[in-house]
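Let's take a friendly walk through this structure, from its strands to its core and on to one residue in a loop.

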Amino acid sequence: MREGFYPALGTPQDEMGNVIESSLTLHVEDQIRGKASGLLVMGSMGIEAQVRQSQYVKVASIAIKAAKDALPVMVGVMDNSIGRVLNRIESLNDLNVSGVVATTPFYFGMNQAEVKTFFEQIADKSPYPVYLYDLPGVTKTKITVDTAMQLMAHRNIAGIKTGDLPTARMLERQKGEVDPQFSILFSGLDVFDTAYGFGLNRQLDGMFSCTTPLNMKLYDSLANHDMAAASKALDDIVSLRDLFVSVGVFGGFTHAMNLLGFEGNFAPDYTIALNAEQQEKVKAFMQQLKLI
C-alpha cells in the first residue's frame, strides 16, 4: 500500500436515499486530481451503517468505476456479526475491490478472544484482503496491540485503521517480526504531522474529502520536511473539522461538500440541516481557507 493520504469518501444521496452517481463520480475524480493514494468508500464519513441496502453495491460500483484503476478503492463492510459482514462481502461479487474494511460489531461489546475469532473467520472466507478498523468510541470494543499482532499473521489480513497513536506506533515498530507488508492506516487527524515523524505515513480520514488543496499542501510539505507549512495545513483541516463539530458534523460536512460542487445529502437521514447562520459560518471559513 502506497504512502500518503487516503480519504474516507462521503456518500451523496438524494431525498429518497439513493446514491447520486454524478456527484460520487466527481468526488472520486477530485481525489485523483488531488493525488490521494487510495480511497475508502462507505467508511464512517461515508455512512456505511446508514446507506440503504439497495444502494450498497451501487455505491461501491460507482466509486470503483470512477477510479479507473488510478488508485486502490477499499470498501467498508461493517456489521454486527460474521454472517452479516460476509453477506456484504459476497454482495460485492467480482468488483475490483482492493480491500474490505470491518470494525468489530457495534451493538454488543466483545472480549479479545471474540475479536480474534470474528476477524479470522471473515478473513478465511473473504476473496478480498481484510483491513481491521479500530473504532472503540463507536463499537465499544478496542482492538488491542496483542490481538492485532496475532491477526497480523493471517494471510488475508492486510492492515489496520486506527486513530490511537500508541497502538499505531507499537504496531509499526513490531510488524517486522510478523509481516513487514502489514499496512497501518493512521486516522488520528489531530496529530498527523507528529505521526508522520514516527513513520506512520499512510493516513486516512473523512476530512480529506472536503479539503483537497490542503491535503496536497500537507503531504507535499511533509515530503519536503517543511514541518511549519505541514502543521499550518493540518491546523486548517482540524479547524474546519472543529467547526463541523460545533454546527453538527454531518450537517456541516454536507454543506461544505455542496459548496464544493458535490450535489446531495452526505448525512444520515435523521440529521438536521444547518440553519442559515450555520451555513454562513461554514461558507465564510471555507472562503478564508481558500477552499471555495
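Predicted model: local features only at pLDDT ≥ 70, side-chain atom pairs only at ≥ 80, totals over all residues.

Two strands count as paired if DSSP finds at least two bridges between them.

**The strands around β6**

Strand β6 covers residues 157-162, and five of its six residues are buried, so the rest of the structure largely encloses this strand. On one pairing, β6 runs parallel to strand β5 (residues 130-134), with five bridges between them. Strand β7 (residues 183-186) is also parallel to β6, and here four bridges make the link.

| Strand paired with β6 | Sense | Bridges |
|---|---|---|
| β5 (residues 130-134) | parallel | five |
| β7 (residues 183-186) | parallel | four |

What handedness does the unit of β6, helix α7 and β7 have? With α7 at residues 165-174, the three elements form a β-α-β unit that is right-handed.

**Helix α2**

Helix α2 takes in residues 53-67, 15 residues in total. Among the buried residues of α2 are Y56, V59, I62 and I64. Their cover includes α1 (21-33), β2 (39-41), β3 (73-76) and α3 (82-91). Just past the helix, K68 adopts a positive phi of about 50°.

In soluble globular proteins, nonpolar side chains tend to be buried together. Here the largest nonpolar core has 95 residues, and the members touching the most others are L92, F119, L218 and L240. Its biggest contributor is helix α10 (residues 227-247), which supplies nine residues. For a closer look, pick L218: beyond its neighbours within four places in sequence, L218 contacts F208, A230, A233, L234 and I237.

**A glutamine in a loop**

Q13 sits in the loop that links β1 (4-7) to α1. Is Q13 buried or exposed? Its relative accessibility is 9%, and the cut-off for buried is under 20%, so Q13 counts as buried. A polar atom of the Q13 side chain is 3.3 Å from the backbone oxygen of A267. Leaving out residues up to four places away in sequence, Q13 touches N18, V19, I20, I47, G264, N265 and A267.

Key
Residues numbered from 1 in each chain as written. Heavy atoms only, no water. Core = buried A, V, L, I, M, F, W, Y, C linked by side-chain atoms within 4.5 Å. Buried < 20%, exposed > 50% of the residue type's maximum accessible area, 1.4 Å probe, protein only. Helix = DSSP H or I, 4+ residues; strand = E, 2+ residues; numbered from the N terminus. Contact = heavy atoms within 4.5 Å. Right-handed = clockwise from strand over helix to strand, strands pointing away. Expected span 1.5 Å × (residues − 1). Polar contact = N/O pair within 3.5 Å; in protein donor to acceptor, adjacent residues only side chain to side chain.
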